[in-house]
Amino acid sequence: MSSEKDFSPLTPNIVRALNDKLYEKRKVAALEIEKLVREFVAQNNSTQIRHVIQILASEFALSQHPHSRKGGLIGLAACSIALGKDSGLYLKELIEPVLTCFNDADSRLRYYACEALYNIVKVARGAVLPHFNLLFDGLSKLAADPDPNVKSGSELLDRLLKDIVTESNKFDLVAFVPLLRERIYSNNQYARQFIISWIHVLESVPDINLLDYLPEILDGLFQILGDNSKEIRRTCEVVLAEFLKEIKKTPSSVKFAEMANILVIHCQVADETKLTNDLIQLTAMTWMREFIQHAGRVMLPYSSGVLTAVLPCLSYDDRKKNTKEAASACNHSLMKLVTPEDDDDDDEDEEKGGSIGTPSREDSQLKTEADSSDMLNTSQESVGFSNISFFTPASTDRPQVTLDLDGIVQVLDRHLHDSSTGMMTRIAVLKWVYHLYIKTPRKMFRHTDSLFPMLLKTLSDESDEVILKDLEVLAEIASSPAGQSDQSDSCDNSDGKLELQVPENIKPGQSPSASSKASDTSPSTPSMNSYFYKFMINLLKRFSLERKLLEVRGAFIIRQLCLLLHAENIFHSMADILLREEDLKFASTMVQTLNTILLTSTELFQLRNQLKDLRTQESCALFCCLYRSWCHNPVATVSLCFLTQNYKHAYELIQKFGDLEVTVDFLMEVDKLVQLIESPIFTYLRLQLLDVENNPYLIKALYGLLMLLPQSQAFQLLSHRLRCVPNPELMRTVDESKYMESKQQVVSRRASHTQMDYQELLLHFDLVQSKHLEIRHQRSGRASDFSDRKFM
């Protein structure tokens, strides 16, 4: 440094000592500067004070010579000590050159700069707060300093500054938050430790309401929660727990809407191999649960995003048990927010009333909170989440919080289509669909055409629980009054095989059989909407295309539908549809399945009782409808006649079996029928064998079956039963009055049977069987032609 410069009021000795390489000589010079400045303070000579500070800053602290810079730093600290409480007047001039030295390449010089700033801050105390951002910026750099001495010095300064902030009520949080938001995305471990420690301190100060600015730093906090350092993660967990505790105490002042998408992002794991991501996801899911419970309907516009994050977690195993439980709570709470009020059609309200009704006071409060929040800018320095879904709230301009139904349905549909979706997730998706049909049926039916094919396809799921829930949804669609309105007769389908067609000339609520024959309609059958028939038609189509589904799950599906819907509706509609079925082999198989269900399932007890005594017009109509389709399977037709006590007709049918092609499958069906006759279902039939005179055709029909059977176990079983039939003369020894009463009941029952045209039914049976015979001959002919070509 040139000795020709004028450094007054600093003496040449002071200047020389400040430039010395020995610390002790620089310290002596600092004591002289302190003494000099004290004199200027006593004289109130601020001009000279500023001149001394300016010389120390520009000529020493910012000098090119390292020893001069060290001298300048200790000199500035001496000035601050001398100024005492008046140092606040000169802080800008004192602090800025010291902070510049924080960037020096010499670690010793950085340490001296830290020491100097510590002395300046210690003297000034609260007066440094207007310069807090500069100090914080400098300290954040030293926190990541590779030199341990520098880091140690910066930690002392950091603690001092935290004490000052804690005891002061003049901290400018508004000015600080932008810097905090910028620095919170640092990837340096030490910088993160520094940031999270400051947030912890600020959050604990009663006079500083950091909760108002939580939306600006929440994403960064979740980034820090994924740090590799266990200590940093623990501190971050504590901070987030404190914030959540405060949110639960004062939910009315929380900006839920501004933070919703941040939680949606972090509830979705981008990389499941990182253990820290499990912690992030669990914490975010816990926050989401509390948000839904405390914010209520404010979260509805974000429901599609919430479901995107929550639904996959429901299929987690025990390794992520806590996350799964939190996700389940989120899902349950969100579902409860959907109410019938969400089914209000705004478009219809506008058309009818010309304006939308005034929202309630609660809705207005919800609107105020929702409208006052701005969307999170997800591009904000948050990295690593480019492949994760988040959703903008729907209809934020509405006068009240609105359910994002379209977005929800899109998410649910996507999970149903995804083959990798876990079982519990699929069940939850179907529960959501069912819930939406219950709470918002009118709006949901706008999506039915797009959902219907996938719901049908879900019937092929491997899980019984999934199928049960799927059937509940389909049953609700088929029976909901909201589906009674005019719907399109077809809907798009993804596989191109299933068609949603209502039979011709059928109106919503009218059974297919009503269009073909009025006498077949059962007035006792509750009316269904148009989707009921679409469902029945397409269910049978799926059984036809997937024979394995029919074999494995067919009975299970139909039995559950009989519980969920009216059993008579199910059998009436399926019988009518099968009557038009072109694939006769499938029709026969399906009739056999339906017949087995009808005769054996406990769910069909009421329907069996209705068919036992054909005393009403409705029961006769049902019998005729079933009979026409049951003709696809001769043995099933006979069993239906047994069930309805049409023994004479059963005998006439068996007489015709001699003209049919008796195959092994045919004999196996007869065998099964004999087994059924011995079951509790046909107890009344076996008891009627005691009344020989009034039931001659029953005995003849059973003997007819016996003659059809080869010498088998079933033959022995039925033969033994018929040998037990008593002598008619023996049975007449009973009281004559009771005998005549029994005979009168039989005559009365037969009189009701005469309402039906049995001759026409027999002709129909012959017609159907001739079609089956023609089809078998065609197949046999094709097989013969193929064999001839093969050996030519």
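User: In which segment is the place of Pro 9?
Analyst: In this predicted model, a cis peptide bond joins Ser 8 and Pro 9. The omega angle of that bond is about 10°. As for its location, Pro 9 is placed in the segment before helix 1 (12-18).

User: Which loop holds Asn 44?
Analyst: Asn 44 is not a glycine, yet it has a positive phi of about 55°. The residue belongs to the loop between helix 2 (23-42) and helix 3 (46-61).

User: At what angle do helix 22 and helix 23 pack?
Analyst: Two packed helices are described by the angle between their axes and the distance between the axes. For helix 22 (residues 448-457) and helix 23 (residues 464-479), the axes are 11 Å apart. The crossing of helix 22 and helix 23 is left-handed, and the packing angle is about 145°.

User: How many nonpolar, polar and charged residues does the contact of helix 22 with helix 23 have?
Analyst: Helix 22 contributes Thr 448, Phe 452 and Leu 455. Helix 23 contributes Asp 470, Val 473, Leu 474 and Ile 477. Sorted by class, this contact has 5 nonpolar, 1 polar and 1 charged residues.

User: Is helix 28 roughly parallel or roughly antiparallel to helix 31?
Analyst: The axes of helix 28 (residues 584-600) and helix 31 (residues 634-643) come within 10 Å and cross at roughly 25°. Angles under 35 degrees count as roughly parallel. Helix 28 and helix 31 are therefore roughly parallel.

User: Which residues of helix 31 meet helix 28?
Analyst: The crossing of helix 28 and helix 31 is left-handed. By class, their contact has 6 nonpolar, 2 polar and no charged residues. From helix 28, Val 591, Asn 595, Leu 598 and Leu 599 take part. Their partners in helix 31 are Ala 636, Ser 639, Leu 640 and Leu 643.

User: Which residues lining the largest pocket are the closest to its centre?
Analyst: The largest pocket holds about 590 Å³ of space. Its lining comprises 22 residues. Of these, the closest to the centre are Ser 588, Thr 663, Asp 665, Glu 669 and Arg 776.

User: Which helices each supply at least two residues of the lining of the largest pocket?
Analyst: The lining residues divide into 7 nonpolar, 8 polar and 7 charged. The helices that each supply at least two of the lining residues are helix 28, helix 31, helix 33 (664-677) and helix 39 (758-791).

Key:
Residues numbered from 1 in each chain as written. Predicted model: local features only at pLDDT ≥ 70, side-chain atom pairs only at ≥ 80, totals over all residues. Heavy atoms only, no water. Axes fitted to C-alpha atoms, helices over the stretch in contact; angles between N-to-C directions. Helix = DSSP H or I, 4+ residues; strand = E, 2+ residues; numbered from the N terminus. Parallel < 35°, antiparallel > 145°, perpendicular 65-115°, else oblique. Left-handed = near helix turned anticlockwise from the far one by under 90°. Contact = heavy atoms within 4.5 Å. Nonpolar A, V, L, I, M, F, W, Y, C, P; charged D, E, K, R; others polar. 1 Å grid on protein atoms, 1.4 Å probe; cavity = no way out; pocket = protein on both sides within 12 Å on 5 of 7 lines; lining within 4 Å. Points joined across faces, edges and corners; volume = space filled by probe spheres on them.
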